[in-house]
Amino acid sequence: VAGDRRASRAFMYVQRADPSVVAASRFFADGDWLRRDEVRAPPSPPVPLPPPPPSQQAVVEDPMEAPEEWARKWCAAWTRHDVEEVLSHFTDDCEFTSPKAQATVGKPTVHGKDELRAYWNRALANLAPHRLHFALTRAVVDRQARVLSILYVSTARGMAVDANEVMFVNERGMVYKAEAYYGVAIPVAEAE
């Protein structure tokens with residue numbers, strides 16, 4: 001009977017006046033039995049690792065900080081056909097929806113950087129020998145919702161199209177979701 005009482009008290013503990021210290025009556029902690037009069041502080045939280053040195057940190061421009069400048073660089077990367085530069089702003093598990101994706105890869109939404117890379121490279125290959133040119137019209141940002149809308153004119157094959165890409169940006173400044181919208185194509189003279 002005495003053994004049963006001791007066993008039932010084995011898992012009871014009392015908080016003393018100092019809440020950071022726990023007194024135990026034969027309390028089992030980390031595989032160790034505590035004596036009736038033994039006092040232990042609760043385990044400390046793990047110490048976070050220091051950030052990597054600046055030379056090893058990825059530099060990510062947050063489009064919420066300077067949306068017009070970010071959008072200009074984005075348009076310039078597209079005009080250079082630099083898919084990798086454009087992809088560098090997207091998360092690995094991103095989602096991209098566009099009516100042109102439906103026409104190019106057979107589905108309106110592509111998931112992940114690999115599918116997005118394949119779609120964009122295929123779309124650019126379909127343009128050859130023509131060039132794609134993006135001219136920024138405006139960048140509109142909702143900082144609270146972390147949404148960037150890039151309005152631009154896309155010119156290729158002698159046609160100009162007003163376009164809008166709506167980008168949802170995470171706290172690290174990376175695009176995790178984007179949707180593209182296009183207007184009516186209007187014939188223009190190509191400058192090639």
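This is a predicted model: local features need pLDDT of at least 70, side-chain atom pairs count only at pLDDT 80 or more; totals for chains, interfaces and linings use all residues.
Visitor: Among contacts between residues at least 6 apart in sequence, what percentage join residues at least 24 apart?
Guide: The count takes in contacts in the chain between residues at least 6 apart in sequence. Of these, the share that joins residues at least 24 apart is 42%.

Visitor: How far apart are the end C-alpha atoms of helix 5?
Guide: Helix 5 covers residues 112-127, which is 16 residues. At 1.5 Å a residue the helix should span 22 Å. The model agrees with that, as the end C-alpha atoms are apart by 23 Å.

Visitor: Within what arc do the buried residues of helix 5 fall?
Guide: The buried residues of helix 5 are Gly 112, Lys 113, Leu 116, Tyr 119, Trp 120, Leu 124 and Leu 127. Seen down the helix axis, they line one face of helix 5, because they fall within an arc of 130 degrees.

Visitor: Which exposed residues does the face of helix 5 turned away from its buried side carry?
Guide: Exposed here means over 50% relative accessible area. On the face of helix 5 turned away from the buried side, the residues that are exposed are Asp 114 and Ala 125.

Visitor: Which strands do the buried residues of helix 5 pack against?
Guide: The buried residues of helix 5 pack against helix 2, helix 3 and helix 4. The strands they pack against are strand 6 (90-97), strand 7 (109-111) and strand 9 (147-156).

Visitor: Why do the buried residues of helix 2 line one face?
Guide: In helix 2, Pro 67, Trp 70, Ala 71, Trp 74, Cys 75, Ala 77 and Trp 78 are buried. Seen down the axis of helix 2, these residues line one face because they fall within an arc of 160 degrees.

Visitor: Which helices do the buried residues of helix 2 pack against?
Guide: The partners of these buried residues include strand 8, strand 9, strand 10 and strand 11 (175-182). The helices among the partners are helix 3 and helix 5.

Visitor: Is His 81 buried, partly exposed or exposed?
Guide: His 81 lies in the loop between helix 2 and helix 3, and has a positive phi of about 60 degrees although it is not a glycine. Most residues other than glycine have a negative phi. Buried would require under 20% relative accessible area. At 21% relative accessibility, His 81 therefore counts as partly exposed.

Visitor: What phi does Arg 157 have?
Guide: Arg 157 lies in the loop between strand 9 and strand 10 (159-169). Its relative accessible area is 44%, so Arg 157 is partly exposed. Although Arg 157 is not a glycine, its phi is positive, at about 55 degrees.

Visitor: Which residues does a cis peptide bond join?
Guide: Most peptide bonds are trans. Pro 129, in the loop between helix 5 and strand 8, takes part in a cis bond with omega of about 10 degrees. The residues joined are Ala 128 and Pro 129.

Technical notes:
Residues are numbered from 1 along each chain as its sequence is written. Side-chain values use heavy atoms; hydrogens and water are left out. Helices (H or I, at least four residues) and strands (E, at least two) are DSSP runs, numbered from the N terminus. The expected span of a helix is 1.5 Å times one less than its number of residues. Buried means under 20% relative accessible area, exposed over 50%, partly exposed in between (1.4 Å probe, protein chains only). The arc is that of the directions from the helix axis to the C-beta atoms. Contact means heavy atoms within 4.5 Å.
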